[in-house]
Amino acid sequence: MDRYGYLYVFMVLLIVTGAVRAAEPRAPLELLGRTVEAGESLKFSVIEDDSFEASYLDAPLWVAHGNRSGPKLCITAAIHGDEINGVEIARRVFAATDPDRLSGTLIVLPAINADGFRTGRRYLSDRRDLNRAFPGKANGSIAAIIANAVFNKVIVNCDALVDLHTASFHRANLPQIRVDTTHQPSFELARHFGVGIIIDGRGPSGSLRREAVDAGVPAIIYEAGEPLRFQEQEIARGERGVVNIMEFLGMISGIQEEIPLSQVFKRSSWVRVPPGQGGFFFPEAELGTKVTLGARLGYVVDPLTDTRYEIDAPVSGQIIGMAVPQVVLSGYALFHVGQSMVESDQDD
Ligand SMILES: [Zn+2]
C-alpha cells in the first residue's frame, strides 16, 4: 500500500471509530441500588423493606433515563400530603416523557410524604412537617429518616429541582414561583417556568428548597391553588411550567413558547384579623387583584352582635394568597399581599 493507501485506511478508521463512539449507548444510571438503562423508565420506592414502619416511610420514585446525555431534573410533590395538585402535575409530566427522546434524566418523587398523601393529611403520621426536616438524619424521627434518604441519595445528585406545592389549609394561592432571587441559577429556573409571578425569599430552614440551594442544587417552588382538590387550571399551568424548564435545560425540544415577563415581589405582608374581631369571614377581593392602600378586601361579621368589621388593605400591592370563606379568629391571616414589584426580563 502506498502512503495514500495508508492515509485512506487511517481516515476510514477515524470515521468508523467516531461513528461507533457516537452510537455508544449512554451509561446506565445507578440509583438506590437500581440500574436504569438509557432509554428506560422505571418506578420503584426510595425506602424498600418489609418492616411495619416501612409502609410509613415509603416514597415512590419514578425515573426516566434519557438516551442522550443532559442534566438531571428532579421534580418533587406532596411533601405536604394534602397538596395534591402537584402529584397530578408530576404524574402528567412523567407520563408524557419518552426516555428514547430525552436528553438527560427526569427523576420524579410524586408523593414524598406518601403517608400523608394516602390519608389526605399535610403532615406525617407522627404530626411532623416533612418540609422542616431536611437534610434529615438517618437516626431521627420518621420525617428525618425520609428526608435523609430522599435528600442524600437523590436530591444532592440533581442539577435542578422543582418542588410542587399548593397553599395550606383553607387558603388559596395565586399560581406563583418562590425562589431566592439572589441565587442566579435558581432565578433562571423561576423565570423560565413562565408563570409570571415570582416571590423572593430563601424559604424556612429545614425546607427542601432552601437546603437544596445550600447544597448547590438550583431549586424553586411552584405554589398554586388549594389543598385536597385537583384543580385543572393550576395543574395545566404547572405542567406547562415544568415542560418549559425541560426545554430551557435542553432536555426536550419543543416549540419554545414565549416566556412572559415575570413580576418579582421582593416583599409581602399578611393582613390578619384584628384582635377581638373574629367571626364569619367573607372576602370581596379576589386572588390576583391589584389593591391600593385602604382598598376594601372583605369583612368579618360577629354572629352574636351582627357587628361587621371591614378588612382594608394596609399596603398597596397584589393579592397573592388568601383565606377562603370560613370562621376566623384574632390574628388569623386573611390576605397575603405582594409588594415592591419589579419586572424582570433580563436574559443572560
Ligand atoms: Zn406545601
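How are helix 3 and helix 8 oriented relative to each other: roughly parallel, roughly perpendicular or oblique? The legends below take up this question along with other close-up views of the structure, which is a predicted model.

**View 1. Helix 3 against helix 8.** The axes of helix 3 and helix 8 cross at roughly 45° and come within 9 Å, and the two helices are therefore oblique to each other. Their crossing is right-handed. On the side of helix 3, the residues that take part are N85, G86, E88, I89, R92 and V93, and these meet E234, I235, G238, E239, V242 and V243 in helix 8. Sorted by class, this contact of helix 3 with helix 8 has five nonpolar, three polar and four charged residues.

**View 2. Helix 6 against helix 8.** Helix 6 packs with helix 8 at an angle of about 125°, and the axes of the two are 8 Å apart. Because an angle of this kind counts as oblique, helix 6 and helix 8 are described as oblique to each other, and their crossing is right-handed. Helix 6 contributes L189, H192 and F193 to the contact, while helix 8 contributes G241, N244, I245 and F248. By class, the contact of helix 6 with helix 8 has four nonpolar, three polar and no charged residues.

View 3. Helix 8 covers residues 232-248, and its 17 residues, at 1.5 Å a residue, should span 24 Å, which agrees with the 24 Å between its end C-alpha atoms. The buried residues of this helix are E234, I235, R237, G238, G241, V242, V243, N244, I245 and M246. What covers these buried residues includes helix 3 (85-95) and helix 6 (184-193), together with strand 5 (68-77), strand 7 (160-165), strand 8 (171-179) and strand 10 (219-225). Just after helix 8, the backbone at G250 takes a positive phi of about 80°.

**View 4. V301 in strand 14.** V301 lies in strand 14, which is made up of residues 296-301. V301 counts as partly exposed because it has 14 C-beta neighbours inside 10 Å. When its neighbours within four places in sequence are left aside, V301 is in contact with G279, F280, D306 and R308. V327 is 26 residues away from V301 in sequence, and the distance between the two in space, from C-alpha to C-alpha, is 9.6 Å.

Key: Residues numbered from 1 in each chain as written. Predicted model: local features only at pLDDT ≥ 70, side-chain atom pairs only at ≥ 80, totals over all residues. Helix = DSSP H or I, 4+ residues; strand = E, 2+ residues; numbered from the N terminus. Buried ≥ 20, exposed ≤ 12 C-beta atoms within 10 Å, placed from the backbone. Contact = placed C-beta atoms within 7 Å. Expected span 1.5 Å × (residues − 1). Axes fitted to C-alpha atoms, helices over the stretch in contact; angles between N-to-C directions. Parallel < 35°, antiparallel > 145°, perpendicular 65-115°, else oblique. Left-handed = near helix turned anticlockwise from the far one by under 90°. Nonpolar A, V, L, I, M, F, W, Y, C, P; charged D, E, K, R; others polar.
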